[in-house]
Structures are given as C-alpha cells and as structure tokens.
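Please look over the sequence and the three-dimensional structure shown below before reading on. The briefing that follows takes up a helix, a sheet and a single residue in turn.

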Amino acid sequence: MSITTTTHLNFRGEARQALEFYQSAFGGEIVLVPHADDVEHVMWGQVRADNGFHVMAYDVPAALSYDAGDKAVFVSVRGTDADEITTYWKALSSGATIVQDLAPSGWSPLYGMLKDRFGVTWVLDVA
C-alpha cells in the first residue's frame with residue numbers, strides 16, 4: 001500500500017477564498033464542504049490538480065482557539081488501507097495529545113487527529 005502526505009491549511013473564515021486562489025494559481029478541481037451549522041465557512045476543502053498539486057484547508061470553528069502560529073498547518077496522512085493507517089496512528093500516539101480519536105467520520109471510514117509529542121498536529125484518514 002502507498003500513502004500520501006498533504007498540506008492541510010487552517011483559516012478563520014478565509015478557507016474558501018484561499019482555496020479559490022490556489023486553484024487559480026495551480027489549476028485543478030476544487031471541493032468545498034461547508035460546516036453544517038455555518039454554510040459560509042468550510043468544514044473541509046481541497047484543490048487537487050493533475051500536475052500533482054494538492055492542498056486541503058478548513059475554517060477553524062469559532063468555538064476552537066485559532067492562532068496562525070497555533071493551528072496553521074496539519075500534516076495529513078491519507079491511505080486506502082485501514083490497517084496501515086491504524087498502525088501509523090498507534091505509532092504517532094505515543095506521548096501524543098489526542099484531538100479526535102481514530103474512528104469513522106462523516107467523510108471517511110476512519111479519521112483521527114492528534115498533536116504529537118513535538119507539537120506537530122497530524123490528521124490520519126482512510127480515503
């Protein structure tokens with residue numbers, strides 16, 4: 001199995017504009033999923049182009065802290081094999097703070113988020 005890493009950018013109310021800008025710069029297809037309770041803000045979005053460019057982004061909800069230095073970037077590890085993703089999750093979990101436990105979500109068979117012992121936020125999911 002193979003995995004990919006993708007830059008996941010976080011914004012406060014500007015994810016849509018940022019993704020539209022990146023699409024205009026790199027081309028490709030844009031996908032925007034709004035927050036259920038706030039359709040003006042992006043719960044999840046991405047731009048993926050045939051040239052290999054891929055970036056994901058979302059608007060950090062108002063209920064969560066946001067500081068460009070606090071939640072500016074996530075490292076996203078996405079794969080097609082749930083066992084492989086679970087193995088990586090278990091390895092990264094050592095000494096980590098679990099933000100959202102690895103479990104099924106509305107957009108993925110498995111999704112989880114943790115902040116590792118070095119302060120890096122990782123998002124792991126099954127495509």
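What covers the buried residues of H1? In this predicted model, the cover includes four strands, namely S1 (3-11), S2 (29-35), S3 (38-48) and S4 (54-59). The points below begin with that helix, then go on to the sheet on which H1 packs, and end with Thr-86, which lies in helix H2.

**Helix H1**

- Helix H1 takes in residues 15-26, twelve residues in all, and it reaches 16 Å from its first C-alpha to its last, which is close to the 16 Å expected at 1.5 Å a residue.
- Ala-15, Ala-18, Leu-19 and Tyr-22 are the buried residues named in H1, and because they cover an arc of only 95 degrees around the axis, they are on the same side of the helix.
- Phe-21 and Ser-24, by contrast, are exposed and are found on the other side of H1.
- After H1 comes Gly-27, a residue whose phi is positive, near 80 degrees.

**The sheet**

- Eight strands form an open sheet with mixed pairing, and their order across the sheet is S2-S3-S4-S1-S5-S8-S7-S6.
- At the edges stand S2 and S6 (97-103), each of which pairs on one side only.
- On average, and with direction ignored, neighbouring strands of this sheet are turned by 25 degrees against each other.
- In general, the strands of a sheet pair through backbone hydrogen bonds, and they may do so in either a parallel or an antiparallel manner.
- S2 and S3 run antiparallel and are joined by seven bridges, and Val-33 stands opposite Trp-44, a residue of S3.

**Helices packed on the sheet**

- H1 packs on the sheet by touching S1, S2, S3 and S4, and the direction of H1 makes about 25 degrees with that of S3.
- Helix H2 (residues 82-93) also packs on the sheet, where it touches S1, S5 (73-79), S6, S7 (111-115) and S8 (121-126), and its direction makes about 160 degrees with that of S8.

- Leaving aside residues up to four places away in sequence, Thr-86 touches Leu-102 and Leu-110.
- Although Thr-86 and Leu-110 are 24 residues apart along the chain, their C-alpha atoms are separated by 8.7 Å.

Technical notes
Residues numbered from 1 in each chain as written. Predicted model: local features only at pLDDT ≥ 70, side-chain atom pairs only at ≥ 80, totals over all residues. Heavy atoms only, no water. Helix = DSSP H or I, 4+ residues; strand = E, 2+ residues; numbered from the N terminus. Expected span 1.5 Å × (residues − 1). Buried < 20%, exposed > 50% of the residue type's maximum accessible area, 1.4 Å probe, protein only. Arc of directions from axis to C-beta. Contact = heavy atoms within 4.5 Å. Pairing = 2+ DSSP bridges. Axes fitted to C-alpha atoms, helices over the stretch in contact; angles between N-to-C directions.
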